Amino acid sequence: MNRVKIGNVIIEWLGHSGFLLEGDEKKIYIDPYDLSEEPDFEDKADILLITHEHSDHCSPEDIRKVRRSDSTTLIPESLSLQFKGDARRIAEGDVLADGLEIKGTKIEVVPAYNLNKPYHPRGLGVGYIVELGGIRIYHSGDCDFIPEMKNINADVALLPIGGTYTMDEEEAANAAAAISPKYVIPMHYGKPDITDGDPEKFKALVHSKNPEINVIILNSRF
């Protein structure tokens, strides 16, 4: 199973940190990477969200596969890649609501950074909270368990567990407990010797801290 339906929203894991969110008659892609095929035109992005410039999150080849001429792309201010068409620079703290919604979708831009690692200094990237079908979905981007997570209000949290560059299973479980979403889905794992996270270990750790959180382990589509 590589997708799950929560309420009226379908969440599909594309592998690594890539997701497709479907709801409110919209398709929202986040960090598409290493896609083996190009989606059909009707399955391409209404909205595309990029968390930061690293090539496993901002992949020009994969962006071209999912982007249409009328897609709206949100990119961090720090990102050096230039985009044609409807591309908007954003920064942590931006709230796209109250008349600033993107195609009717409310999106909050939140911090994403490492605490004691050099890979993702603050200001490099962001995370997103997308409100779709009445559900708030938090994609953390590449980060550690940062203090700002204690203020995240989300029904679904997409959290990295691979370690080295991001949180490991223990840190991510602590983050999940702090956020206390209804559902949490692990990501950024599965590449041997690079992101070796164990989703079953993560699930057990989450349940040891808060058994009310539903941990959903998806299979990568590609």
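1. Strand S4 (residues 26-30) and strand S5 (residues 45-49) run parallel and are joined by 3 bridges. Strands here are DSSP runs of E, at least two residues long, numbered from the N terminus, and two strands pair if DSSP finds at least two bridges between them. Within this pair, Ile-28 stands opposite Ile-47 in S5.

2. This is a predicted model, in which local features need pLDDT of at least 70 and side-chain atom pairs pLDDT 80 or more, while totals for chains, interfaces and linings use all residues. Residues are numbered from 1 along each chain as its sequence is written, and side-chain values use heavy atoms, without hydrogens and water.

3. The open sheet has 7 strands in the order S1-S2-S3-S4-S5-S6-S7, with mixed pairing. Strands S1 (3-6) and S7 (87-90) are at the edges with a single partner strand each, so one side of each has no neighbour in the sheet.

4. His-139 lies in strand S11 (residues 135-139). A polar atom of its side chain is 3.1 Å from the backbone nitrogen of Gly-141. Leaving out residues up to four places away in sequence, the contacts of His-139 (heavy atoms within 4.5 Å) include Ser-17, Asp-31, Tyr-128 and Met-187.

5. Asp-155 sits in the loop between S11 and strand S12 (156-160). Asp-155 is buried but has no salt bridge, and the nearest side chain of opposite charge, Lys-182, is 4.0 Å away. A salt bridge needs a side-chain nitrogen of Lys or Arg within 4 Å of a carboxyl oxygen of Asp or Glu. A polar atom of the Asp-155 side chain lies 2.8 Å from the backbone nitrogen of Arg-136.

Definitions and conventions: Helices (H or I, at least four residues) and strands (E, at least two) are DSSP runs, numbered from the N terminus. A polar contact is a pair of N or O atoms within 3.5 Å; within protein, one must be able to donate a hydrogen and the other to accept it, and residues adjacent in sequence count only if both atoms are side-chain atoms. Buried means under 20% relative accessible area, exposed over 50%, partly exposed in between (1.4 Å probe, protein chains only). Lys and Arg count as positive and Asp and Glu as negative; His and the chain ends are not counted.
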